[in-house]
Amino acid sequence: MALILCLYEQEVCGYPLSIFFIVVNEFCERFSYYGMRAVLVLYFRYFLRFDDDLATSIYHTFVALCYLTPILGAIVADSWLGKFKTIIYLSIVYAIGQVVMAVSAIHDITDTDRDGTPDNLTLHIVLSMVGLLLIALGTGGIKPCVAAFGGDQFQDHQAKQRSTFFSVFYLCINGGSLLSTIITPILRGQECGIHSQQKCYPLAFGVPAALMVVALVVFIIGSGMYHKTEPQGNIMLDVCKCIGFAIKNRFRHRSSSYPKRTHWMDWAEEKHEKLLIAQIKMVLKVLFLYIPLPMFWTLFDQKGSRWTLQATTMDGNFTVNPILILTLVPIMDSVVYPLIKKCGLNFTPLRRMTVGMFLAAMAFVAAALVQIQIDVSVYNTYIVWQFVSGLVKYSLMLSWPCMPRNRCSISIYIFSDPLLQTDDVMAKPEQGANMTDMNIHFQIIYTTFTITNGANTCKYSREFGFGSSYTLLIPSHFVWGPTCSESISGVEDIQPNSFHMGWQIPQYFLITCGEVVFSVTGLEFSYSQAPSNMKAVLQAGWLFTVAIGNFIVLIVAEIAQIEEQWAEFVLFASLLVAVCVIFSIMAYFYTYMDPAEIEAQFRDKDGTEESDKEELQMQKKDFVDHHNDDDEAKQSKM
């Protein structure tokens with residue numbers, strides 16, 4: 001016991017030593033999650049052969065589930081197992097899920113004819129769905145526990161270090177995200193297999209699985225150094241019973257003849273402890289503030305959907321959000337916040353969150369301005385093949401209408417009459433001249449054409465700029481053979497679209513600044529305002545706002561049916577500004593609490609009341625004993 005206490009009290013630069021194990025664990029876990037998610041849609045689309053709509057639906061369902069399961073994890077942690085055991089057990093479930101996903105991507109398992117494609121897709125689909133369900137349960141279950149468990153490691157005199165911890169914690173999230181979103185697509189691009197070489201999804205899923213195992217091992221190694229708070233019974237059941245009784249009792253005494261009470265939860269005093277009622281009041285007070293927050297996540301999460309689609313119509317390629325996060329978090333903590341404090345401004349957590357919401361709205365205004373500029377540019381890439389063979393001239397035209405709301409199409413023409421047309425740009429025509437292996441890398445279309453006359457084939461590869469037009473000519477002296485592609489010549493009729501992705505940097509900068517001052521502050525605020533026995537539950541409530549925000553994206557986009565993308569961006573920005581005003585009013589009337597002080601006051605009152613009851617009982621006992629003695633004395637005289 002003394003050794004454990006000694007380890008717990010060890011500090012490095014003012015921080016508990018145990019914090020470093022938690023930070024490393026979070027980095028590895030986030031690498032595992034975002035790495036797997038980076039190639040998930042591609043896996044659905046090109047390995048499991050789902051269509052675009054089904055792949056997108058399952059992807060968003062999985063992400064939403066990852067932010068709904070924190071409620072379950074928080075209940076288990078605060079009511080039954082405690083945060084430490086919950087993290088251990090659900091991390092094991094998480095790691096198993098990642099391994100199952102990696103196994104589901106091995107095409108050789110069912111590739112009996114060894115042609116490189118699985119013959120029993122049902123087995124792979126079942127394995128992948130089981131894996132995703134386990135991952136959602138694991139990652140969601142530990143989300144509210146890890147941050148709250150890290151906060152538990154700090155003592156009362158380390159309030160400043162605890163505040164910095166949440167910034168470092170968020171830094172690790174984005175550090176893992178940055179590396180994984182770069183590395184796992186590279187791993188997927190490799191070719192692997194036992195009997196045939198295909199895109200290496202097993203490696204792309206296997207590395208994140210290995211990182212999750214590393215995260216679990218690192219967390220277990222630090223076990224002896226952690227401060228582990230014990231769960232305090234089934235707190236959620238007690239909370240539900242208390243709230244239910246308060247509502248029922250208030251309804252029963254709704255008549256004006258009954259005196260009013262300060263708070264509607266006070267109607268539970270007849271049955272439940274005042275300490276529990278006070279704790280519920282604190283939680284409800286914070287949850288009420290959470291009501292407007294999903295709108296921020298509605299805008300924020302579109303940087304992975306709408307903004308990515310916007311980037312496909314532009315020139316260039318870059319990854320900016322995680323890099324900005326890694327840069328801005330320390331700048332905010334070390335420069336901006338201290339400077340604001342020196343200026344005499346009281347930049348409270350709720351004011352920071354309000355500023356973060358406003359910055360996110362401005363980011364969408366910037367995105368709308370970029371979209372307007374894109375809309376005046378050329379959207380189609382045309383590639384015209386001229387086949388000259390004797391007196392017959394063949395033309396193949398690739399039409400690439402890549403407006404975000406449109407599908408792309410391939411058409412093969414003989415004298416302008418369509419011979420074959422398909423809606424899938426990745427599909428290979430089943431007959432006629434073949435155009436295969438098209439990969440879209442933002443605005444660059446890298447295409448390999450296979451030219452055949454039945455007996456011979458010739459492959460020609462070239463990059464085509466987005467929004468351009470080319471004419472490629474096969475001359476009459478064309479000769480089949482290894483160097484056949486060298487005789488093919490091309491002319492650029494229209495130059496590619498040159499509107500560069502760099503114009504997206506302002507919107508990414510604004511949304512990232514908003515994320516730093518909103519999300520990091522929100523994590524810290526949720527922890528600091530939560531009662532000691534409900535910290536994980538309140539963290540789960542914070543994460544639940546993310547899930548609601550993702551659903552709002554689908555609902556608003558479906559109801560609005562806005563054809564112009566810039567107008568949709570303006571709509572979302574306007575909604576967030578309105579919500580920002582409402583939140584600022586709510587924040588103005590919010591009174592910050594010290595849960596530990598409030599709990600201590602009620603414990604002292606309960607202790608005083610208990611001692612008063614004991615003293616009263618003792619007085620009654622003395623009175624009864626004295627009365628009995630008098631009766632015995634009278635009887636003895638008689």
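Which residues does Phe44 touch, not counting residues up to four places away in sequence?

1. Overview. The model is predicted. The chain has 638 residues, and buried residues make up 47% of them. Its secondary structure consists of 19 helices and 13 strands. Among contacts between residues at least 6 apart in sequence, 72% join residues at least 24 apart.

2. Phe44 and the largest core. Phe44 touches Arg49, Phe50, Ala55, Ile58, Tyr59, Met129 and Leu132, once residues up to four places away in sequence are set aside. The largest nonpolar core holds 128 residues, and Phe44 is one of those that touch the most other members. In soluble globular proteins, nonpolar side chains tend to be buried together.

3. Arg49. Arg49, one of the residues in contact with Phe44, is found in the loop between α3 (40–46) and α4 (52–68). Its phi is positive, about 65°, although Arg49 is not a glycine. Is Arg49 buried or exposed? Its relative accessibility is 51%, and the cut-off for exposed is over 50%, so Arg49 counts as exposed.

4. Salt bridges within α2. Five salt bridges are found in a search of the whole structure. One of them joins Arg30 to Glu26, with the closest N and O atoms 4.0 Å apart. Arg30 and Glu26 are four residues apart in helix α2 (residues 18–38), so about one helical turn separates them. Both ends of this pair are buried: Arg30 has a relative accessible area of 3%, and Glu26 has a relative accessibility of 6%. Salt bridges that share partners join Glu26, Glu29 and Arg30 into one network.

5. A salt bridge between helices. The side chains of Lys83 and Asp152 meet in a salt bridge, at 3.0 Å from N to O. This pair links distant parts of the chain, 69 residues apart: Lys83 belongs to helix α6 (residues 83–104) and Asp152 to helix α7 (residues 121–152). Lys83 is buried, with a relative accessible area of 4%. Asp152 also counts as buried, at 9% relative accessibility.

6. Arg261 and Glu270. A salt bridge also brings together the side chains of Arg261 and Glu270, at 2.5 Å from N to O. Arg261 counts as partly exposed, at 29% relative accessibility.

7. Packing of α2 on α7. The axes of α2 and α7 are 11 Å apart, and the helices pack at an angle of about 150°. That makes α2 roughly antiparallel to α7, and their crossing is left-handed. On the α2 side, the contact is made by Ile19, Ile22, Asn25, Glu26, Glu29, Arg30, Tyr33 and Met36.

8. Packing of α7 on α8. What is the handedness of the crossing where α7 passes α8? The crossing is right-handed. The axes of α7 and helix α8 (residues 159–189) come within 10 Å and cross at roughly 150°, and the two helices are therefore roughly antiparallel to each other. Val146, Ala147, Gly150 and Gly151 of α7 meet Arg162, Phe165, Phe166 and Phe169 of α8.

9. Ser196. Ser196 lies in the loop between β3 (191–192) and β4 (198–199). At 12% relative accessibility, Ser196 counts as buried. Leaving aside neighbours within four places in sequence, Ser196 is in contact with His107, Asp108, Asp111, Arg114, Asp115 and Gly116. How far apart are Ser196 and Arg114 in sequence and in space? They are 82 residues apart in sequence, and their C-alpha atoms are 6.5 Å apart.

Definitions and conventions:
Residues are numbered from 1 along each chain as its sequence is written. This is a predicted model: local features need pLDDT of at least 70, side-chain atom pairs count only at pLDDT 80 or more; totals for chains, interfaces and linings use all residues. Side-chain values use heavy atoms; hydrogens and water are left out. A nonpolar core is a set of buried Ala, Val, Leu, Ile, Met, Phe, Trp, Tyr and Cys residues joined through side-chain atoms within 4.5 Å. Buried means under 20% relative accessible area, exposed over 50%, partly exposed in between (1.4 Å probe, protein chains only). Contact means heavy atoms within 4.5 Å. Axes are lines fitted to C-alpha atoms, for helices over the stretch in contact, and angles run from 0 to 180 degrees between N-to-C directions. Angles under 35 degrees count as roughly parallel, over 145 as roughly antiparallel, 65 to 115 as roughly perpendicular and the rest as oblique. A crossing is left-handed if the near helix is turned anticlockwise from the far one by less than a right angle, and right-handed if clockwise.
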